[in-house]
Amino acid sequence: MTKQLILFRHGKSDWNVGNGRDRDRPVAERGIVAAKTMGKLLAAAGKVPDLAITSSAVRARTTLEIARSAGQWPCPMSVTDDLYEASIDQVLEVIHAVPNHHHSLMLVGHQPTWSDAVSFFLGGGTVAMPTAAMVCLEFEIATWAQIDYGRGTLLWLLPPRLFT
């Protein structure tokens, strides 16, 4: 039995807008275009997740909302503070709490956590996650609680600049 995890980094944010709080930074125009591109790409590839969970940061939530709308994804979406400035342990807690009837999960979040998480799940190495990039990992597991260090296989890593 396998489960697939897609990590989606938020689109390019606008450093010049907002109230100065990092959590409130919006997505820049370039990030909006990239999110639309990635949403349509995932739908065209037939890789829309069963469930999407996003960081509560404005740029992450907006990236997911734009991608879902552009790709017309039917998957449910939830928002959590646990993916904002998250450690690997916090990411694992979010994953481990996912109901097992979901076979594919998308998490939307931030750097450096996403690069660190990919390295963790693969058991080492260095990974660069540009803004709005998606990476898909597959795990030979029956339950989400079994995801851990070195258990993943990289299926793909797609930066939006390849498609815009």
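**Labels and their cut-offs**

Mentor: The buried residues of α1 pack against β1, α2, β4, β5 and β6. Contact here means heavy atoms within 4.5 Å. This is a predicted model, where local features need pLDDT of at least 70 and side-chain atom pairs pLDDT 80 or more, while totals for chains, interfaces and linings use all residues. Residues are numbered from 1 along each chain as its sequence is written, and side-chain values use heavy atoms, with hydrogens and water left out.

Trainee: Which residues of α1 are buried?
Mentor: They are G31, A34, A35, T37, M38, G39 and L42. Buried means under 20% relative accessible area, exposed over 50%, and partly exposed in between, with a 1.4 Å probe and protein chains only.

Trainee: What makes α1 a helix of the expected span?
Mentor: α1 has 16 residues and reaches 23 Å from its first C-alpha to its last, close to the expected 22 Å. The expected span is 1.5 Å times one less than the number of residues. Helices (H or I, at least four residues) and strands (E, at least two) are DSSP runs, numbered from the N terminus. Just after α1, G46 has a positive phi of about 70°.

Trainee: Why are β3 and β6 called edge strands?
Mentor: Six strands form an open sheet with mixed pairing, in the order β3-β2-β4-β1-β5-β6. β3 (77-80) and β6 (152-158) each pair on one side only. Two strands pair if DSSP finds at least two bridges between them.

Trainee: How do you know that β2 pairs with β3?
Mentor: Four bridges join β2 (residues 51-55) to β3, and the two run parallel. The definition asks for at least two bridges, so β2 and β3 count as paired. S55 stands opposite T80 in β3.

Trainee: What makes the pair of F120 and F121 edge-to-face?
Mentor: The centres of F120 and F121 are 5.5 Å apart, with 75° between the planes. Rings of Phe, Tyr and Trp (its six-membered ring) pair if their centres lie within 6.5 Å; planes under 30 degrees apart count as stacked, over 60 as edge-to-face and the rest as tilted. The pair of F120 and F121 therefore counts as edge-to-face.

Trainee: What kind of pair do F120 and Y149 form?
Mentor: F120 and Y149 are also edge-to-face, at 5.3 Å centre to centre and 70° between the planes. Ring pairs link F120, F121, F139 and Y149 into a cluster.

Trainee: Why does F120 count as buried?
Mentor: F120 counts as buried because its relative accessibility is 18%.
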